[in-house]
Amino acid sequence: MSLYHPVTIGDLEFPGNLFLAPVAGYTDRSYRSICIDEGADFSFTELSSAESIIRSRPDTKPLNDPSPISVLLRRADNEKRYAIQLFGAEPERMAAGAALLARWKPDVVDINGGCPVPKVIKTGAGSALMKDPANLGRVVEAVVRSSREHLGGVPVTIKIRAGWDSGSLNYRECARIAMEAGAAMVSLHPRTRAQGYGGKSDWSLIADLAGRLPVPVTGSGDLYTPEDADRMLRETGCAAVMFARGAMGNPFIFSTTRSFLSTGSYAAPDTAHRLAAGFRHLERLAADIGERQACLEMRKHFCAYTKGGEGRPGMAGGAKLRNQLVHAETIEEYRLMLQDVIEGVLP
Ligand SMILES: Cc1cc2nc3c(=O)[nH]c(=O)nc-3n(C[C@H](O)[C@H](O)[C@H](O)COP(=O)(O)O)c2cc1C
């Protein structure tokens with residue numbers, strides 16, 4: 001079987017196994033939609049707080065409500081399937097938050113068991129869930145029940161780390177408990193909370209989990225190229241891979257990886273293709289949050305689109321261009337700043 005293959009999560013079949021990971025501050029619906037255009041098989045919202053949803057009740061606002069929490073939860077127009085990721089530590093609050101997601105009809109509800117950010121872990125949520133596996137199980141159980149009662153029983157999944165620190169690598173126990181509580185997939189980012197995002201992720205832990213768990217295991221960590229994805233799928237036997245930092249400024253990683261897994265080769269996107277995706281991204285974001293805010297948000301994205309990466313050359317003008325891009329305030333300014341690059345390459 002090709003390493004690019006369908007994956008089944010609960011009773012949902014996905015055509016392929018190349019997922020876009022949840023990345024706070026990046027994977028809003030405009031960027032998810034660009035990744036879908038470029039071949040992502042499944043995508044996750046960034047983490048959203050069950051408490052905030054309960055408090056601000058975005059489900060009672062108009063469907064096009066521009067407030068951040070409403071924009072965060074919304075499906076992209078081309079997103080046939082998406083997961084909303086929730087964080088929280090209290091089983092009943094997580095169940096209540098999940099119940100309020102009905103209006104967005106998520107296809108999957110994913111539970112964040114990996115976030116290392118102090119604001120999140122001080123509430124017992126994110127990676128702090130792994131410090132109390134019995135409570136982690138109760139959270140999964142409560143969200144599964146809530147999904148059955150309010151969301152038509154969509155699959156509930158969880159994303160975890162290797163453990164809290166190197167002295168407590170309890171991903172096996174947490175994954176088993178989550179699965180027994182009804183989780184239909186476990187995503188593993190094999191770094192500890194203490195490692196944050198530094199150092200190397202330990203893929204042998206993904207292999208270990210994939211060999212034990214009867215539900216699909218999705219691997220995350222240090223996926224920057226099609227070759228990385230190929231190696232992770234081959235070495236670990238995981239069902240799917242999830243691109244995170246490797247997809248920033250490089251939504252093309254989905255099509256190049258698919259090509260590499262299916263044919264053994266791929267062509268890096270040319271500059272015209274990369275910039276066209278950047279402008280499409282900007283326009284979709286502006287439609288959601290207004291031009292000014294979108295232009296501010298897009299500074300980091302445009303810097304990423306123009307930077308080189310594995311297989312992609314940096315664009316003409318390089319560092320000087322990026323110094324300008326971080327001052328752009330309108331779509332027109334972006335066009336002017338990128339004019340030389342565009343004229344050089346766009347028809
Ligand atoms: C800026 C940033 C934000 C992230 N936000 C989330 C998030 O909201 N939910 C989540 O489960 N993981 C989040 N992650 C973790 C990624 O999904 C991924 O597991 C991790 O970055 C490892 O993959 P990588 O080494 O390929 O980037 C975030 C990572 C980064 C760098």
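Author: Gladly! Let us begin with a cut-off: a residue is buried if its relative accessible area is under 20%, exposed if over 50%, and partly exposed in between. Please keep in mind that this is a predicted model.

Reader: What makes R75 and D107 a salt bridge?

Author: The rule asks for a side-chain nitrogen of Lys or Arg within 4 Å of a carboxyl oxygen of Asp or Glu. Between R75 and D107 the N to O distance is 3.1 Å, so the pair meets the rule. R75 sits in the loop between α3 and β5, while D107 sits in the loop between α4 and β6, 32 residues apart, and the pair therefore links distant parts of the chain. R75 has 22% relative accessibility, so this residue counts as partly exposed.

Reader: How many salt bridges does that rule give?

Author: The count comes to 21 salt bridges. One of these contacts is between the side chains of D37 and R280, at 3.1 Å from N to O. D37 belongs to helix α1 and R280 to helix α11, 243 residues apart, so here too distant parts of the chain are linked. D37, at 36%, counts as partly exposed, and R280, with 27%, is partly exposed as well. There is also a network of salt bridges, which links R29, R74, D77 and D288.

Reader: What makes strand β5 mostly covered?

Author: In β5 (residues 82-87), 6 of its 6 residues are buried. Y82, I84 and L86 point one way, A83, Q85 and F87 point the other way, and all are buried.

Reader: How do you know that β5 pairs with β4 and with β6?

Author: Two strands pair if DSSP finds at least two bridges between them. There are 5 bridges between β4 (residues 42-49) and β5, and 4 bridges between β5 and β6 (residues 108-113), so both pairs pass the test. β4 and β5 run parallel, as do β5 and β6. S48 stands opposite L86 in β5, and I84 has V109 in β6 as its bridge partner. From β5 the chain crosses through helix α4 (residues 91-99) to β6, and this β-α-β crossover is right-handed.

Reader: What lines the largest pocket, and how is the lining divided by class?

Author: The largest pocket holds about 860 Å³ of space. It is lined by 47 residues, and A24, L47, N112, C115 and Y197 are the closest to its centre. The lining divides into 23 nonpolar, 13 polar and 11 charged residues. β4 gives the most to this lining, with 4 residues.

Reader: Which residues lie nearest the centre of the second largest pocket?

Author: Those are D28, E46, P68, V71 and E297, out of 17 lining residues. Elements that give two or more residues to this lining include α1, β4 and α12.

Terms used: Residues numbered from 1 in each chain as written. Predicted model: local features only at pLDDT ≥ 70, side-chain atom pairs only at ≥ 80, totals over all residues. Heavy atoms only, no water. Buried < 20%, exposed > 50% of the residue type's maximum accessible area, 1.4 Å probe, protein only. Right-handed = clockwise from strand over helix to strand, strands pointing away. 1 Å grid on protein atoms, 1.4 Å probe; cavity = no way out; pocket = protein on both sides within 12 Å on 5 of 7 lines; lining within 4 Å. Points joined across faces, edges and corners; volume = space filled by probe spheres on them. Nonpolar A, V, L, I, M, F, W, Y, C, P; charged D, E, K, R; others polar.
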